[in-house]
Amino acid sequence: MAFDVGETLVDETRIWAELAQRLGVTPLTLSGVLGAVIATGRGHHDLWDILGVDRPVVGLDPVHGDLYPDALECVAAARRVGLTVGVAGNQPATVEQVLVAAGLEADFVASSMTWGVAKPDPEFFVRLIAEARVPAESILYVGDRLDNDVLPARAVGMRTVFVRRGPWGHIHALKDEAALADLRVDSLQELATLLSAVRS
């Protein structure tokens, strides 16, 4: 089992709010424009042009306190049922240390920055398969986005869990392609409960 990071394990609310402050716009404005960008299928990097600001040179990294409350328990539940657990997402390299320091116990933790390839590039998922050391069809990739998580993971043969949370999760849940996920949940707590039931 492999987990995405942003809006799957990590709540990015603080990060986006601080980014809005740095750019001189209100969090509401940034959130509203982000929602519109997601709904129209554009990349979130289009935000800067729409807002009329320069693209931030340096992003904001997640910290321990940004983890969703159900993140550690879900990862632990996967390990309790004997699954190999990995974490890999489009993140700065520092996320690896943040997650480990937060107590997340995974067999591997990686970032797009470290790997030099980002989702939805198929090579990202090929690298994930190599790290997991199991066939693609044995991997369940858990993420909040269709475009970056569910669809590209599925395209390389993985099974998928779509988590409906965060801005992408709620908007993508309205799309027909959400039905392509092998499992759809509203939280990692829900997924942890399902994993625990498998163990019983």
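1. F108 in β3 is the bridge partner of G86. Strand β2 (residues 86-89) pairs with β3 in the parallel sense, over four bridges. Strands here are DSSP runs of E with at least two residues, and helices are runs of H or I with at least four, numbered from the N terminus. Two strands pair if DSSP finds at least two bridges between them.

2. A word on the source. This is a predicted model: local features need pLDDT of at least 70, side-chain atom pairs count only at pLDDT 80 or more, and totals for chains, interfaces and linings use all residues. Residues are numbered from 1 along each chain as its sequence is written, and side-chain values use heavy atoms, without hydrogens and water.

3. Now the whole sheet. Six strands form an open sheet with parallel pairing, in the order β3-β2-β1-β4-β5-β6. β3 (108-111) and β6 (183-185) stand at the edges with a single partner strand each, so one side of each has no neighbour in the sheet.

4. The protein has ten helices and six strands. Its radius of gyration is 16 Å, close to the 16 Å of the globule rule for 200 residues, so the protein is as compact as a globular protein of that length. The radius is taken over C-alpha atoms; the rule is 2.2 Å times the number of residues to the power 0.38. The C-alpha atoms fill a box of roughly 50 × 40 × 30 Å along the principal axes.

5. Of the 200 residues, 47% are buried, meaning under 20% relative accessible area (1.4 Å probe, protein chains only). Among contacts (heavy atoms within 4.5 Å) between residues at least 6 apart in sequence, 56% join residues at least 24 apart.

Terms used. Buried means under 20% relative accessible area, exposed over 50%, partly exposed in between (1.4 Å probe, protein chains only).
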